[in-house]
Amino acid sequence: MTLKPVTEEFINRLKSGLSPGVASTVPDDYLLEPRSRWQGVSSILMSPRTVKEVSAIVSSANAENIPIIPYGGGTGLVGGQIQDKGPAGILLSLERMNKIRSLNVDENIITVEAGVILSNLRDAAEKEKKIFPLSLASEGTAQIGGNLATNAGGVNVLRYGSTRNLCLGLEVVFADGSIWNGLSRLHKDNTGYDLKNLIIGSEGTLGIITAATLKLFPKPIERTVALIAVNSPKDALKLLSETKEFFGETISAFELINKMGIHFFRETKLMLKFPFINIPEWMVLLDIGHPGKFSTKENTNEFFENILTSGLAVDGVLAENVSQQNDLWAIRENIPEANRRIGSVSSHDISLPLSEINSFIEETRLEILELGNFRINCFGHLGDGNLHFNIFPQKGENRGDYNHIRPTIKATVHDLVHSHGGSVSAEHGIGRLKINDLVKYSDPIKLKQNKLIKSAMDPKGILNPGAIFGSNLHE
């Protein structure tokens, strides 16, 4: 099906049935993604206030074969929110659909519209002494609809799972404009295919998420937050095993940090409190949420004495209050910002089987250094095997000088990920960045079935064309 550009006639006709201010010109920052690798071509921004307005926009676009690009907070890192080619379509922002529709303390659920900012959702839960555990560096601008569309992970996947695991139901507008009210509060429902989980992670290519019913959790009575120095990722994994044995399912986060991230703080003048005089080669940020009947101090002291005595931990700092907990978390949370200021040559969001992580890091570091004198910042969610393996130029050099070798770097990293049984997209999605990787590394049967689903649910291909499948949907 041939897509067509937005026309002034189409906009005027559509505006007559919408509330004032829904249609506007597209601000420049909506057409540029965070890493500045794509420039958008969408010619009109539409910001509906209700699901009925979303339906009207989508059904009209579908009738005239006009592309629709769903837009959340614009924080995606694989270009999924940017239409970079083809006939200029509609950039559909959910930012005005930002109401919290209901919060049920007894059932531990909250129903929110897709444009609710993640940090606002977390604050709403906090007011009721509950937690919504999805936590990202971009949570101050990321919207829950985008989090669901990409199945975002974040730092608490180890305990609570990814966004998919936190969702009970969805409200979705499909390509023909039909509205699915699937805002279920049920934890079990085996009535046919699981449409909810098909939409989650589909990056706006199968439907527009307009609202969601999400799980809340009891707030831990106490927390243990510590920064622990280790000799290697191998020792970090041993520490993870020891921590699980000791604390069970109360571990919320287990984050791997490399010394390069700390050097980047200092290079970019990010003023953070760092507790060690000398920067360890590797560190782990550990966060444990203790239930009410847990003897926190006694058990925590015993654990730290054990790992220090055994030599598994080289050094460690245990936060003594909330302020110190925040200081330790600030180290991990500001790594992406320092990386952005340095400017990566190539960034990689990958996942690996836990037992493969140490050998992967060692092998990949050697292969990257054979390609050039690069700096490597490897960090991430070690507890669930999700690493961010990012390559940077030396101090004083410009990342643009290495654009010619960027495809080789990317292929080198991703080939090694694949050979170790991993995935080249852990939590950021495919978007437009990893279209060729999906073809190269996916099981062909899975890819075929994915394309059939897309063709069945969006036969005209108006929903986020170019994302996930590129222009090869029918190949």
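Is Lys269 buried or exposed? Lys269 is exposed, with a relative accessible area of 62%; exposed means over 50% relative accessible area, buried under 20%, and partly exposed in between (1.4 Å probe, protein chains only). This is a predicted model, in which local features need pLDDT of at least 70 and side-chain atom pairs count only at pLDDT 80 or more, while totals for chains, interfaces and linings use all residues. Residues are numbered from 1 along each chain as its sequence is written, and side-chain values use heavy atoms, leaving out hydrogens and water.

**Salt bridges**

- The whole structure contains 17 salt bridges, each defined as a side-chain nitrogen of Lys or Arg within 4 Å of a carboxyl oxygen of Asp or Glu.
- One of them joins the side chains of Arg101 and Glu171 at 3.2 Å, N to O. This pair links distant parts of the chain, with Arg101 in strand β5 (residues 100–104) and Glu171 in strand β8 (residues 167–173), 70 residues apart. Helices (H or I, at least four residues) and strands (E, at least two) are DSSP runs, numbered from the N terminus.
- Arg101 is partly exposed at 36% relative accessibility, whereas Glu171 is buried at 6%.
- A salt bridge also forms between the side chains of Glu139 and Arg122 (3.4 Å, N to O). Glu139 belongs to the loop between β7 (130–131) and α4 (144–149), and Arg122 to helix α3 (residues 118–127); the two are 17 residues apart.
- With 18% relative accessibility, Glu139 counts as buried, while Arg122, with 24%, counts as partly exposed.
- Glu255 and Arg332 meet through their side chains in a salt bridge of 2.7 Å, N to O. Glu255 is part of strand β13 (residues 251–258) and Arg332 of helix α10 (residues 322–333), so the pair ties together parts that are 77 residues apart in sequence. Both Glu255 and Arg332 are buried.

**Backbone angles**

- Most residues other than glycine have a negative phi.
- Lys269 has a positive phi of about 65° although it is not a glycine. This residue occupies the loop between α8 (259–267) and β14 (282–290).
- Asn151, also a residue other than glycine, has a positive phi near 50°. Its place is the loop between α4 and α5 (157–160), and Asn151 is buried, with a relative accessible area of 17%.

**Nonpolar core**

- The largest nonpolar core has 42 residues. Such a core is a set of buried Ala, Val, Leu, Ile, Met, Phe, Trp, Tyr and Cys residues joined through side-chain atoms within 4.5 Å.
- Ile228, Leu239, Phe360, Leu387 and Phe389 touch the most other members of this core. Helix α7 (residues 233–247) gives the most to it, with 5 residues.
- Apart from residues up to four places away in sequence, Leu239 touches Ile228, Val230, Phe254, Val284, Phe303, Ile307 and Leu312; contact means heavy atoms within 4.5 Å.

**Surroundings of Leu438**

- Leu438 lies in helix α14 (residues 435–441) and is buried, with a relative accessible area of 14%.
- Neighbours within four places in sequence aside, Leu438 is in contact with Ile430, Leu447 and Ile468.
- Leu438 and Phe469 are 31 residues apart in sequence, and their C-alpha atoms are 8.1 Å apart in space.
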